[in-house]
Amino acid sequence: MSQIDSNESKFQFSKYINEFNPWHNIKIMHTNVPNDILSGITVAVIAMPLALAFGVASGLGAEAGMWAAICGGILVGLFGGSNTGVSGPTGPKVVQLAAIIAATKLATGEPDVVFAMSMVFLSGLICIALALMKIGRFIYYTPYSVVSGFMCGIGVIIILLEIPPMLGFATPNSVVGAIKQIPYDIMHEKPHALIVSLATFFTIMLWPRVTKKQWLPAPLLGLIVGTSIAHGFGFKDIEYIGSMPVGLPHLYLPDFSRFGDMIGGAFALAGLCIFDSLLTCLVADNMTSERHNSDREIFGQGIANIGCGLVGGVTTATATMRTVANIKCGGKTGLASITHGVVLLALMLGLSPYASYIPMACLAGILLKVGMDIIDYRVLPVLHRMPFMDSICFWTVLILTISVDLLVAMGVGITIAFVRIVQELGQAYEQNVVSLNQMSRTLPADVSMPEELKEKVLKLRLEGPLFFGVSDTIYRASSALVDYKYLIIRMARVPMVDMSGAYLLDDIIEKAHHQGATVFFTGTRPQVKRTLTRLKIIEKVTEENCLATFNDAILRIQHLEQEQDSHAGPVAKDTLERV
(Lines give C-alpha, C1' and ligand atoms only; values in the text may rest on other atoms or scores of the structure.)
Protein backbone atom coordinates (compact mmCIF):
# COMPACT_ATOMS: atom_id res chain seq x y z
CA MET A 1 0.00 0.00 0.00
CA SER A 2 2.86 2.37 0.88
CA GLN A 3 4.53 1.59 -2.48
CA ILE A 4 1.32 2.56 -4.29
CA ASP A 5 1.11 5.80 -2.31
CA SER A 6 4.76 6.52 -3.10
CA ASN A 7 4.25 5.97 -6.83
CA GLU A 8 1.15 8.14 -6.80
CA SER A 9 3.06 10.91 -5.02
CA LYS A 10 5.84 10.71 -7.61
CA PHE A 11 3.28 10.89 -10.41
CA GLN A 12 1.60 13.94 -8.87
CA PHE A 13 4.99 15.66 -8.38
CA SER A 14 6.01 14.89 -11.95
CA LYS A 15 2.72 16.27 -13.25
CA TYR A 16 3.16 19.36 -11.06
CA ILE A 17 6.70 20.10 -12.30
CA ASN A 18 5.77 19.33 -15.93
CA GLU A 19 3.50 22.40 -15.94
CA PHE A 20 6.65 24.56 -16.05
CA ASN A 21 8.30 22.59 -18.85
CA PRO A 22 9.33 24.84 -21.81
CA TRP A 23 8.12 22.12 -24.17
CA HIS A 24 4.60 23.59 -23.74
CA ASN A 25 5.80 26.62 -25.74
CA ILE A 26 8.31 24.92 -28.04
CA LYS A 27 5.87 22.37 -29.46
CA ILE A 28 3.62 25.05 -31.03
CA MET A 29 6.35 27.31 -32.46
CA HIS A 30 6.18 25.65 -35.89
CA THR A 31 2.53 26.66 -36.39
CA ASN A 32 3.05 30.34 -37.28
CA VAL A 33 6.73 30.71 -38.27
CA PRO A 34 6.64 33.44 -40.99
CA ASN A 35 4.28 35.75 -39.11
CA ASP A 36 6.05 35.16 -35.79
CA ILE A 37 9.46 36.06 -37.25
CA LEU A 38 8.18 39.21 -38.95
CA SER A 39 6.30 40.21 -35.81
CA GLY A 40 9.41 39.57 -33.68
CA ILE A 41 11.54 41.82 -35.91
CA THR A 42 8.94 44.60 -35.78
CA VAL A 43 8.58 44.34 -32.01
CA ALA A 44 12.38 44.45 -31.65
CA VAL A 45 12.42 47.74 -33.56
CA ILE A 46 9.77 49.09 -31.19
CA ALA A 47 11.54 47.70 -28.13
CA MET A 48 15.02 49.05 -28.86
CA PRO A 49 14.39 52.76 -28.15
CA LEU A 50 12.22 51.87 -25.16
CA ALA A 51 14.89 49.53 -23.77
CA LEU A 52 17.55 52.19 -24.19
CA ALA A 53 15.35 54.79 -22.53
CA PHE A 54 14.39 52.52 -19.64
CA GLY A 55 18.03 51.57 -19.08
CA VAL A 56 19.02 55.22 -18.81
CA ALA A 57 16.04 55.99 -16.56
CA SER A 58 17.05 53.18 -14.17
CA GLY A 59 20.43 54.75 -13.52
CA LEU A 60 22.34 51.69 -14.75
CA GLY A 61 22.88 52.85 -18.33
CA ALA A 62 21.32 52.18 -21.70
CA GLU A 63 22.96 48.76 -22.08
CA ALA A 64 21.17 47.52 -18.92
CA GLY A 65 17.84 48.12 -20.62
CA MET A 66 18.97 46.24 -23.72
CA TRP A 67 20.18 43.16 -21.82
CA ALA A 68 16.90 43.07 -19.91
CA ALA A 69 14.93 43.13 -23.17
CA ILE A 70 17.12 40.31 -24.54
CA CYS A 71 16.67 38.13 -21.42
CA GLY A 72 12.96 38.85 -21.23
CA GLY A 73 12.37 38.14 -24.91
CA ILE A 74 14.27 34.86 -25.14
CA LEU A 75 13.70 33.33 -21.69
CA VAL A 76 10.04 34.26 -21.25
CA GLY A 77 9.39 33.20 -24.84
CA LEU A 78 10.60 29.75 -23.77
CA PHE A 79 9.22 29.50 -20.24
CA GLY A 80 6.34 32.02 -20.11
CA GLY A 81 2.64 31.32 -19.85
CA SER A 82 1.29 33.64 -22.55
CA ASN A 83 1.75 32.73 -26.23
CA THR A 84 1.69 36.38 -27.31
CA GLY A 85 3.35 38.12 -24.35
CA VAL A 86 6.65 39.95 -24.92
CA SER A 87 8.78 40.75 -21.88
CA GLY A 88 11.44 43.32 -21.13
CA PRO A 89 11.92 46.46 -19.05
CA THR A 90 8.64 48.28 -18.30
CA GLY A 91 7.80 51.71 -16.96
CA PRO A 92 6.52 50.57 -13.53
CA LYS A 93 9.44 48.18 -12.95
CA VAL A 94 12.09 50.70 -14.01
CA VAL A 95 10.58 53.42 -11.80
CA GLN A 96 10.73 51.02 -8.86
CA LEU A 97 14.29 49.87 -9.59
CA ALA A 98 15.49 53.45 -10.13
CA ALA A 99 14.23 54.40 -6.66
CA ILE A 100 16.09 51.43 -5.12
CA ILE A 101 19.30 52.24 -7.01
CA ALA A 102 19.11 55.91 -5.99
CA ALA A 103 18.76 54.91 -2.33
CA THR A 104 21.70 52.47 -2.39
CA LYS A 105 24.39 54.42 -4.25
CA LEU A 106 28.02 54.06 -3.29
CA ALA A 107 29.91 56.82 -1.48
CA THR A 108 31.33 57.90 -4.86
CA GLY A 109 27.79 58.58 -6.11
CA GLU A 110 27.92 55.67 -8.56
CA PRO A 111 25.22 52.98 -8.44
CA ASP A 112 26.05 49.84 -6.49
CA VAL A 113 25.68 47.56 -9.52
CA VAL A 114 26.57 44.31 -7.73
CA PHE A 115 23.99 44.99 -5.01
CA ALA A 116 21.33 45.93 -7.60
CA MET A 117 21.99 42.86 -9.76
CA SER A 118 21.95 40.57 -6.72
CA MET A 119 18.56 42.03 -5.79
CA VAL A 120 17.23 41.47 -9.32
CA PHE A 121 18.56 37.88 -9.19
CA LEU A 122 16.88 37.32 -5.81
CA SER A 123 13.59 38.74 -7.12
CA GLY A 124 13.74 36.08 -9.85
CA LEU A 125 14.14 33.33 -7.25
CA ILE A 126 11.14 34.74 -5.35
CA CYS A 127 9.04 34.72 -8.53
CA ILE A 128 9.90 31.06 -9.10
CA ALA A 129 8.99 30.19 -5.51
CA LEU A 130 5.66 32.02 -5.82
CA ALA A 131 4.94 30.28 -9.13
CA LEU A 132 5.49 26.92 -7.45
CA MET A 133 3.03 28.05 -4.74
CA LYS A 134 0.38 28.61 -7.45
CA ILE A 135 -0.49 32.21 -6.57
CA GLY A 136 -1.16 33.29 -10.18
CA ARG A 137 -4.94 32.79 -10.03
CA PHE A 138 -5.29 35.64 -7.52
CA ILE A 139 -4.75 38.24 -10.27
CA TYR A 140 -8.39 37.74 -11.24
CA TYR A 141 -9.51 39.00 -7.81
CA THR A 142 -7.93 42.45 -8.15
CA PRO A 143 -10.60 45.23 -8.25
CA TYR A 144 -10.62 47.51 -11.28
CA SER A 145 -10.38 50.65 -9.11
CA VAL A 146 -7.04 49.35 -7.75
CA VAL A 147 -5.68 48.56 -11.23
CA SER A 148 -6.80 51.90 -12.61
CA GLY A 149 -5.35 53.92 -9.74
CA PHE A 150 -2.10 52.01 -10.04
CA MET A 151 -1.73 52.55 -13.79
CA CYS A 152 -2.62 56.24 -13.57
CA GLY A 153 -0.09 56.66 -10.76
CA ILE A 154 2.66 55.01 -12.81
CA GLY A 155 1.83 57.23 -15.77
CA VAL A 156 2.05 60.38 -13.64
CA ILE A 157 5.40 59.25 -12.18
CA ILE A 158 6.93 58.68 -15.62
CA ILE A 159 5.65 62.03 -16.90
CA LEU A 160 7.01 63.93 -13.87
CA LEU A 161 10.40 62.20 -14.05
CA GLU A 162 10.82 62.90 -17.78
CA ILE A 163 10.01 66.63 -17.72
CA PRO A 164 13.53 67.65 -16.50
CA PRO A 165 15.42 65.65 -19.18
CA MET A 166 13.05 67.07 -21.81
CA LEU A 167 14.21 70.50 -20.69
CA GLY A 168 17.90 69.49 -20.81
CA PHE A 169 18.57 68.51 -17.19
CA ALA A 170 19.38 65.25 -15.41
CA THR A 171 16.59 62.81 -14.51
CA PRO A 172 15.59 63.28 -10.84
CA ASN A 173 16.02 60.42 -8.38
CA SER A 174 12.45 60.61 -7.08
CA VAL A 175 9.03 62.11 -7.77
CA VAL A 176 9.46 64.56 -4.89
CA GLY A 177 12.81 65.59 -6.37
CA ALA A 178 11.18 66.06 -9.77
CA ILE A 179 8.39 68.25 -8.34
CA LYS A 180 10.99 70.43 -6.59
CA GLN A 181 13.23 70.56 -9.66
CA ILE A 182 10.66 71.25 -12.38
CA PRO A 183 10.01 74.98 -11.61
CA TYR A 184 13.75 75.73 -11.80
CA ASP A 185 14.14 73.67 -14.98
CA ILE A 186 11.26 75.50 -16.67
CA MET A 187 12.84 78.86 -15.86
CA HIS A 188 16.26 77.75 -17.15
CA GLU A 189 15.29 75.35 -19.91
CA LYS A 190 17.75 74.52 -22.68
CA PRO A 191 16.09 75.32 -26.03
CA HIS A 192 17.95 72.68 -28.04
CA ALA A 193 16.95 69.87 -25.66
CA LEU A 194 13.34 71.06 -25.70
CA ILE A 195 13.28 71.13 -29.51
CA VAL A 196 14.60 67.54 -29.73
CA SER A 197 12.25 66.18 -27.08
CA LEU A 198 9.15 67.89 -28.48
CA ALA A 199 10.01 66.83 -32.03
CA THR A 200 10.32 63.24 -30.85
CA PHE A 201 7.12 63.40 -28.82
CA PHE A 202 4.95 64.93 -31.54
CA THR A 203 6.33 62.55 -34.17
CA ILE A 204 5.20 59.60 -32.05
CA MET A 205 1.84 61.30 -31.45
CA LEU A 206 1.12 62.18 -35.08
CA TRP A 207 2.61 59.27 -37.01
CA PRO A 208 -0.28 56.80 -36.33
CA ARG A 209 -2.72 59.44 -37.59
CA VAL A 210 -0.72 60.06 -40.75
CA THR A 211 -0.59 56.42 -41.81
CA LYS A 212 -2.89 53.56 -40.93
CA LYS A 213 -0.33 50.94 -41.99
CA GLN A 214 2.34 50.95 -39.28
CA TRP A 215 5.19 49.87 -41.59
CA LEU A 216 7.50 51.97 -39.42
CA PRO A 217 6.81 51.94 -35.65
CA ALA A 218 6.15 55.36 -34.15
CA PRO A 219 8.80 55.10 -31.34
CA LEU A 220 11.48 54.22 -33.89
CA LEU A 221 10.47 57.08 -36.19
CA GLY A 222 10.50 59.45 -33.20
CA LEU A 223 13.99 58.25 -32.33
CA ILE A 224 15.15 58.86 -35.92
CA VAL A 225 13.58 62.33 -36.10
CA GLY A 226 14.90 63.49 -32.71
CA THR A 227 18.40 62.17 -33.34
CA SER A 228 18.48 63.62 -36.87
CA ILE A 229 17.49 67.08 -35.63
CA ALA A 230 20.15 66.99 -32.91
CA HIS A 231 22.95 66.07 -35.31
CA GLY A 232 21.59 67.93 -38.34
CA PHE A 233 21.60 71.24 -36.47
CA GLY A 234 24.75 70.43 -34.50
CA PHE A 235 23.29 70.61 -31.01
CA LYS A 236 26.45 70.16 -28.93
CA ASP A 237 25.09 71.55 -25.64
CA ILE A 238 22.75 68.64 -24.92
CA GLU A 239 23.51 65.24 -23.38
CA TYR A 240 23.82 62.03 -25.37
CA ILE A 241 23.67 58.42 -24.25
CA GLY A 242 27.42 57.96 -24.56
CA SER A 243 29.36 54.88 -25.48
CA MET A 244 27.91 51.42 -24.93
CA PRO A 245 30.07 48.30 -24.67
CA VAL A 246 30.04 45.99 -27.66
CA GLY A 247 30.33 42.25 -27.12
CA LEU A 248 29.29 39.81 -24.47
CA PRO A 249 27.82 41.18 -21.23
CA HIS A 250 29.73 41.45 -17.97
CA LEU A 251 28.85 38.57 -15.65
CA TYR A 252 27.59 39.52 -12.17
CA LEU A 253 27.65 36.67 -9.67
CA PRO A 254 25.03 37.27 -6.95
CA ASP A 255 26.40 38.49 -3.61
CA PHE A 256 24.00 37.85 -0.74
CA SER A 257 26.30 39.17 2.00
CA ARG A 258 23.79 42.02 2.51
CA PHE A 259 20.78 39.71 2.25
CA GLY A 260 18.88 41.57 4.98
CA ASP A 261 19.20 44.87 3.10
CA MET A 262 18.06 43.47 -0.23
CA ILE A 263 15.25 41.05 0.68
CA GLY A 264 12.62 43.79 1.06
CA GLY A 265 13.49 45.36 -2.29
CA ALA A 266 13.62 41.93 -3.94
CA PHE A 267 10.12 41.10 -2.72
CA ALA A 268 8.91 44.49 -3.97
CA LEU A 269 10.45 43.86 -7.40
CA ALA A 270 8.97 40.36 -7.55
CA GLY A 271 5.52 41.55 -6.46
CA LEU A 272 5.36 44.30 -9.05
CA CYS A 273 6.79 41.97 -11.71
CA ILE A 274 3.97 39.50 -11.09
CA PHE A 275 1.26 42.13 -11.02
CA ASP A 276 2.57 44.05 -14.03
CA SER A 277 3.02 40.86 -16.07
CA LEU A 278 -0.33 39.28 -15.27
CA LEU A 279 -2.22 42.50 -15.98
CA THR A 280 -0.66 42.58 -19.44
CA CYS A 281 -1.53 38.91 -19.91
CA LEU A 282 -5.16 39.74 -19.13
CA VAL A 283 -5.05 42.41 -21.86
CA ALA A 284 -3.59 39.85 -24.29
CA ASP A 285 -6.29 37.32 -23.34
CA ASN A 286 -8.99 39.85 -24.16
CA MET A 287 -7.43 40.55 -27.57
CA THR A 288 -6.83 36.92 -28.58
CA SER A 289 -9.72 35.14 -26.83
CA GLU A 290 -7.15 32.81 -25.27
CA ARG A 291 -6.30 32.21 -21.62
CA HIS A 292 -2.74 32.43 -20.34
CA ASN A 293 -1.22 30.23 -17.63
CA SER A 294 -0.53 32.66 -14.78
CA ASP A 295 1.76 30.38 -12.77
CA ARG A 296 3.88 29.52 -15.82
CA GLU A 297 4.11 33.22 -16.69
CA ILE A 298 5.39 34.00 -13.17
CA PHE A 299 7.89 31.14 -13.48
CA GLY A 300 9.12 32.51 -16.82
CA GLN A 301 9.54 35.97 -15.33
CA GLY A 302 11.56 34.44 -12.51
CA ILE A 303 13.92 32.77 -15.00
CA ALA A 304 14.22 36.07 -16.95
CA ASN A 305 15.04 38.12 -13.86
CA ILE A 306 17.65 35.59 -12.78
CA GLY A 307 19.18 36.04 -16.25
CA CYS A 308 19.03 39.83 -15.91
CA GLY A 309 20.78 39.66 -12.55
CA LEU A 310 23.61 37.61 -14.06
CA VAL A 311 24.23 39.76 -17.17
CA GLY A 312 23.56 43.24 -15.75
CA GLY A 313 20.07 43.93 -17.07
CA VAL A 314 17.34 45.90 -15.36
CA THR A 315 14.39 43.95 -14.04
CA THR A 316 11.75 42.67 -16.50
CA ALA A 317 8.01 42.07 -16.78
CA THR A 318 5.57 41.40 -19.59
CA ALA A 319 5.32 44.72 -21.45
CA THR A 320 1.91 45.94 -22.57
CA MET A 321 3.05 48.00 -25.56
CA ARG A 322 5.24 45.24 -27.01
CA THR A 323 2.64 42.56 -26.35
CA VAL A 324 -0.10 44.54 -28.09
CA ALA A 325 2.23 45.28 -31.01
CA ASN A 326 3.07 41.58 -31.27
CA ILE A 327 -0.60 40.63 -31.44
CA LYS A 328 -1.34 43.35 -34.00
CA CYS A 329 1.58 42.18 -36.17
CA GLY A 330 0.35 38.58 -36.25
CA GLY A 331 2.49 36.95 -33.55
CA LYS A 332 0.83 33.86 -32.07
CA THR A 333 3.55 31.82 -30.34
CA GLY A 334 6.63 32.33 -28.20
CA LEU A 335 8.76 32.30 -31.35
CA ALA A 336 7.89 35.97 -31.91
CA SER A 337 9.20 36.90 -28.45
CA ILE A 338 12.37 34.85 -28.97
CA THR A 339 12.94 36.45 -32.40
CA HIS A 340 12.58 39.89 -30.81
CA GLY A 341 15.22 38.95 -28.23
CA VAL A 342 17.63 37.52 -30.82
CA VAL A 343 17.37 40.66 -32.99
CA LEU A 344 18.17 42.84 -29.98
CA LEU A 345 21.08 40.55 -29.12
CA ALA A 346 22.48 41.03 -32.65
CA LEU A 347 22.17 44.79 -32.24
CA MET A 348 23.91 44.64 -28.89
CA LEU A 349 26.80 42.52 -30.14
CA GLY A 350 27.51 44.53 -33.28
CA LEU A 351 25.50 47.69 -33.69
CA SER A 352 25.30 49.19 -30.20
CA PRO A 353 27.95 51.93 -30.80
CA TYR A 354 25.38 53.74 -32.90
CA ALA A 355 23.31 54.25 -29.75
CA SER A 356 25.89 56.75 -28.49
CA TYR A 357 24.51 59.23 -31.02
CA ILE A 358 21.05 59.26 -29.42
CA PRO A 359 20.23 62.39 -27.34
CA MET A 360 18.89 61.94 -23.82
CA ALA A 361 16.13 64.45 -24.64
CA CYS A 362 15.01 62.16 -27.45
CA LEU A 363 14.57 59.27 -25.02
CA ALA A 364 12.71 61.60 -22.67
CA GLY A 365 10.24 62.40 -25.44
CA ILE A 366 9.67 58.67 -26.03
CA LEU A 367 9.13 57.99 -22.33
CA LEU A 368 6.75 60.94 -22.00
CA LYS A 369 4.49 59.28 -24.57
CA VAL A 370 4.84 55.95 -22.70
CA GLY A 371 3.73 57.64 -19.49
CA MET A 372 0.72 59.17 -21.20
CA ASP A 373 -0.24 55.82 -22.74
CA ILE A 374 -0.14 54.04 -19.36
CA ILE A 375 -2.79 56.35 -17.85
CA ASP A 376 -6.25 54.75 -17.81
CA TYR A 377 -8.33 57.12 -19.94
CA ARG A 378 -11.35 54.86 -19.66
CA VAL A 379 -11.88 55.88 -16.05
CA LEU A 380 -11.05 59.58 -16.28
CA PRO A 381 -14.44 60.73 -17.67
CA VAL A 382 -16.30 58.94 -14.86
CA LEU A 383 -14.14 59.97 -11.91
CA HIS A 384 -16.89 62.17 -10.48
CA ARG A 385 -19.50 59.43 -10.91
CA MET A 386 -17.59 56.55 -9.31
CA PRO A 387 -19.22 54.71 -6.39
CA PHE A 388 -17.91 56.22 -3.15
CA MET A 389 -15.73 53.26 -2.07
CA ASP A 390 -14.34 52.79 -5.59
CA SER A 391 -13.41 56.47 -5.60
CA ILE A 392 -11.68 56.16 -2.22
CA CYS A 393 -9.80 53.11 -3.47
CA PHE A 394 -8.76 54.75 -6.77
CA TRP A 395 -7.47 57.99 -5.23
CA THR A 396 -5.70 56.21 -2.38
CA VAL A 397 -3.82 53.93 -4.78
CA LEU A 398 -3.04 56.83 -7.12
CA ILE A 399 -1.67 59.08 -4.36
CA LEU A 400 0.32 56.31 -2.63
CA THR A 401 1.77 55.15 -5.96
CA ILE A 402 3.09 58.65 -6.63
CA SER A 403 4.15 59.64 -3.12
CA VAL A 404 5.16 56.46 -1.29
CA ASP A 405 5.72 53.14 -3.05
CA LEU A 406 4.14 51.11 -5.81
CA LEU A 407 3.79 47.92 -3.80
CA VAL A 408 2.48 49.75 -0.73
CA ALA A 409 -0.15 51.38 -2.92
CA MET A 410 -1.25 48.01 -4.28
CA GLY A 411 -1.40 46.50 -0.81
CA VAL A 412 -3.45 49.36 0.63
CA GLY A 413 -5.78 49.40 -2.37
CA ILE A 414 -6.50 45.69 -2.19
CA THR A 415 -7.01 45.97 1.58
CA ILE A 416 -9.57 48.75 1.12
CA ALA A 417 -11.39 46.70 -1.51
CA PHE A 418 -11.30 43.64 0.74
CA VAL A 419 -12.75 45.51 3.72
CA ARG A 420 -15.42 46.98 1.48
CA ILE A 421 -16.58 43.64 0.09
CA VAL A 422 -16.59 42.05 3.55
CA GLN A 423 -18.71 44.92 4.86
CA GLU A 424 -21.14 44.64 1.96
CA LEU A 425 -21.42 40.88 2.36
CA GLY A 426 -22.17 41.35 6.04
CA GLN A 427 -24.90 43.86 5.32
CA ALA A 428 -26.43 41.69 2.61
CA TYR A 429 -26.42 38.53 4.72
CA GLU A 430 -29.89 37.12 5.16
CA GLN A 431 -31.14 35.76 8.50
CA ASN A 432 -34.27 35.98 10.61
CA VAL A 433 -35.67 34.75 13.91
CA VAL A 434 -39.30 33.64 14.23
CA SER A 435 -41.31 31.60 16.71
CA LEU A 436 -43.37 28.59 15.68
CA ASN A 437 -46.55 30.64 16.17
CA GLN A 438 -45.34 33.27 13.66
CA MET A 439 -44.60 30.75 10.93
CA SER A 440 -47.12 30.32 8.11
CA ARG A 441 -46.17 26.71 7.47
CA THR A 442 -48.29 23.97 9.08
CA LEU A 443 -46.90 21.39 11.45
CA PRO A 444 -46.59 17.73 10.42
CA ALA A 445 -49.91 15.84 10.52
CA ASP A 446 -48.83 13.66 13.46
CA VAL A 447 -47.71 16.60 15.61
CA SER A 448 -49.88 18.39 18.12
CA MET A 449 -48.39 21.18 20.17
CA PRO A 450 -50.01 23.61 22.63
CA GLU A 451 -49.97 27.31 21.74
CA GLU A 452 -47.87 28.25 24.77
CA LEU A 453 -45.16 25.80 23.67
CA LYS A 454 -45.17 27.15 20.11
CA GLU A 455 -44.09 30.51 21.50
CA LYS A 456 -41.14 28.80 23.17
CA VAL A 457 -39.86 27.27 19.88
CA LEU A 458 -37.67 29.69 17.84
CA LYS A 459 -36.18 29.19 14.41
CA LEU A 460 -32.97 31.00 13.42
CA ARG A 461 -32.61 30.85 9.61
CA LEU A 462 -29.12 31.44 8.17
CA GLU A 463 -28.46 31.89 4.44
CA GLY A 464 -24.99 32.26 2.97
CA PRO A 465 -21.38 31.62 4.06
CA LEU A 466 -20.94 31.92 7.82
CA PHE A 467 -17.59 33.71 8.05
CA PHE A 468 -16.01 36.56 9.98
CA GLY A 469 -17.55 39.21 7.74
CA VAL A 470 -21.11 38.36 8.86
CA SER A 471 -20.40 37.75 12.52
CA ASP A 472 -21.72 41.13 13.64
CA THR A 473 -24.94 40.68 11.65
CA ILE A 474 -25.61 37.23 13.14
CA TYR A 475 -24.68 38.41 16.63
CA ARG A 476 -27.26 41.19 16.47
CA ALA A 477 -29.88 38.69 15.30
CA SER A 478 -28.98 36.27 18.07
CA SER A 479 -29.38 39.00 20.69
CA ALA A 480 -33.13 38.85 19.95
CA LEU A 481 -33.24 35.26 21.19
CA VAL A 482 -34.99 35.54 24.58
CA ASP A 483 -37.50 33.49 26.57
CA TYR A 484 -37.40 30.26 24.59
CA LYS A 485 -37.16 26.54 25.33
CA TYR A 486 -36.08 25.18 21.94
CA LEU A 487 -33.92 26.81 19.26
CA ILE A 488 -33.81 25.38 15.72
CA ILE A 489 -30.87 26.72 13.68
CA ARG A 490 -31.56 26.13 10.00
CA MET A 491 -28.21 25.49 8.21
CA ALA A 492 -29.37 24.11 4.84
CA ARG A 493 -28.23 27.25 2.94
CA VAL A 494 -24.90 27.71 4.70
CA PRO A 495 -22.26 26.47 2.17
CA MET A 496 -19.21 27.07 4.38
CA VAL A 497 -18.21 28.15 7.87
CA ASP A 498 -14.89 29.50 9.14
CA MET A 499 -13.60 29.63 12.70
CA SER A 500 -15.26 32.98 13.40
CA GLY A 501 -18.62 31.65 12.23
CA ALA A 502 -18.16 28.39 14.16
CA TYR A 503 -17.43 30.16 17.41
CA LEU A 504 -20.34 32.51 16.83
CA LEU A 505 -22.57 29.43 16.73
CA ASP A 506 -20.81 28.25 19.89
CA ASP A 507 -21.72 31.52 21.64
CA ILE A 508 -25.36 31.13 20.58
CA ILE A 509 -25.41 27.54 21.89
CA GLU A 510 -23.82 28.58 25.20
CA LYS A 511 -26.40 31.33 25.62
CA ALA A 512 -29.22 28.84 24.91
CA HIS A 513 -27.86 26.32 27.40
CA HIS A 514 -27.52 29.05 30.00
CA GLN A 515 -31.29 29.66 29.65
CA GLY A 516 -31.97 25.93 29.89
CA ALA A 517 -32.92 25.67 26.21
CA THR A 518 -32.16 22.87 23.73
CA VAL A 519 -30.51 23.63 20.35
CA PHE A 520 -31.03 21.77 17.05
CA PHE A 521 -29.15 22.02 13.75
CA THR A 522 -31.09 21.19 10.57
CA GLY A 523 -29.84 20.56 7.03
CA THR A 524 -26.14 20.90 7.91
CA ARG A 525 -24.01 20.24 4.82
CA PRO A 526 -21.22 17.63 5.09
CA GLN A 527 -18.33 20.09 4.73
CA VAL A 528 -19.87 22.45 7.29
CA LYS A 529 -20.51 19.59 9.69
CA ARG A 530 -16.91 18.43 9.38
CA THR A 531 -15.67 21.88 10.40
CA LEU A 532 -18.09 22.08 13.34
CA THR A 533 -17.14 18.57 14.45
CA ARG A 534 -13.41 19.38 14.43
CA LEU A 535 -14.04 22.49 16.53
CA LYS A 536 -16.23 20.45 18.94
CA ILE A 537 -19.35 22.49 18.25
CA ILE A 538 -21.43 19.46 17.21
CA GLU A 539 -20.80 17.69 20.50
CA LYS A 540 -22.40 20.58 22.36
CA VAL A 541 -25.55 20.20 20.26
CA THR A 542 -25.19 16.36 20.22
CA GLU A 543 -25.45 14.17 17.14
CA GLU A 544 -29.08 13.25 17.85
CA ASN A 545 -30.05 16.92 17.66
CA CYS A 546 -28.41 17.38 14.24
CA LEU A 547 -31.34 16.61 11.96
CA ALA A 548 -32.05 16.63 8.25
CA THR A 549 -35.15 18.86 8.10
CA PHE A 550 -37.14 21.33 10.11
CA ASN A 551 -40.00 18.85 10.44
CA ASP A 552 -37.58 16.32 11.95
CA ALA A 553 -36.70 18.91 14.57
CA ILE A 554 -40.41 19.48 15.38
CA LEU A 555 -40.92 15.75 15.78
CA ARG A 556 -37.87 15.60 18.02
CA ILE A 557 -39.27 18.41 20.18
CA GLN A 558 -42.60 16.59 20.51
CA HIS A 559 -40.72 13.45 21.55
CA LEU A 560 -38.76 15.35 24.19
CA GLU A 561 -41.95 16.94 25.52
CA GLN A 562 -43.62 13.53 25.79
CA GLU A 563 -40.61 12.18 27.67
CA GLN A 564 -40.77 15.10 30.10
CA ASP A 565 -44.50 14.52 30.66
CA SER A 566 -43.94 10.81 31.35
CA HIS A 567 -41.25 11.64 33.87
CA ALA A 568 -43.35 14.36 35.47
CA GLY A 569 -46.37 11.99 35.97
CA PRO A 570 -44.75 9.46 38.42
CA VAL A 571 -43.05 12.29 40.29
CA ALA A 572 -46.42 14.04 40.87
CA LYS A 573 -48.10 10.73 41.94
CA ASP A 574 -45.29 9.98 44.44
CA THR A 575 -45.59 13.47 45.89
CA LEU A 576 -49.36 13.04 46.47
CA GLU A 577 -48.85 9.67 48.19
CA ARG A 578 -46.40 11.17 50.66
CA VAL A 579 -48.76 14.02 51.42
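How many disulfides does the count come to when a disulfide is taken as a pair of cysteine sulfur atoms within 2.5 Å? By this rule the count is zero. Cys-127, for instance, takes part in no disulfide, the nearest cysteine sulfur being that of Cys-273 at 4.2 Å, and with a relative accessibility of 1% Cys-127 counts as buried (under 20% relative accessible area, with a 1.4 Å probe and protein chains only). The sulfur of Cys-308 lies 4.3 Å from the closest cysteine sulfur, in Cys-71, which is too far for a bond, and Cys-308 is likewise buried, at 0% relative accessibility.

The model is predicted, so that local features need pLDDT of at least 70 and side-chain atom pairs count only at pLDDT 80 or more, whereas totals for chains, interfaces and linings use all residues. Residues are numbered from 1 along each chain as its sequence is written, and side-chain values use heavy atoms, with hydrogens and water left out.

The chain contains 23 helices and seven strands, both read as DSSP runs (helices H or I, at least four residues; strands E, at least two). Its radius of gyration, taken over C-alpha atoms, is 33 Å, well over the 25 Å given for 579 residues by the globule rule (2.2 Å times the number of residues to the power 0.38), so the chain is more spread out than a compact globule. Along the principal axes, the C-alpha trace spans about 125 × 65 × 50 Å.

Of the 579 residues, 51% count as buried. Among contacts (heavy atoms within 4.5 Å) between residues at least 6 apart in sequence, 82% join residues at least 24 apart.

Methods: Buried means under 20% relative accessible area, exposed over 50%, partly exposed in between (1.4 Å probe, protein chains only). A disulfide is a pair of cysteine sulfur atoms within 2.5 Å.
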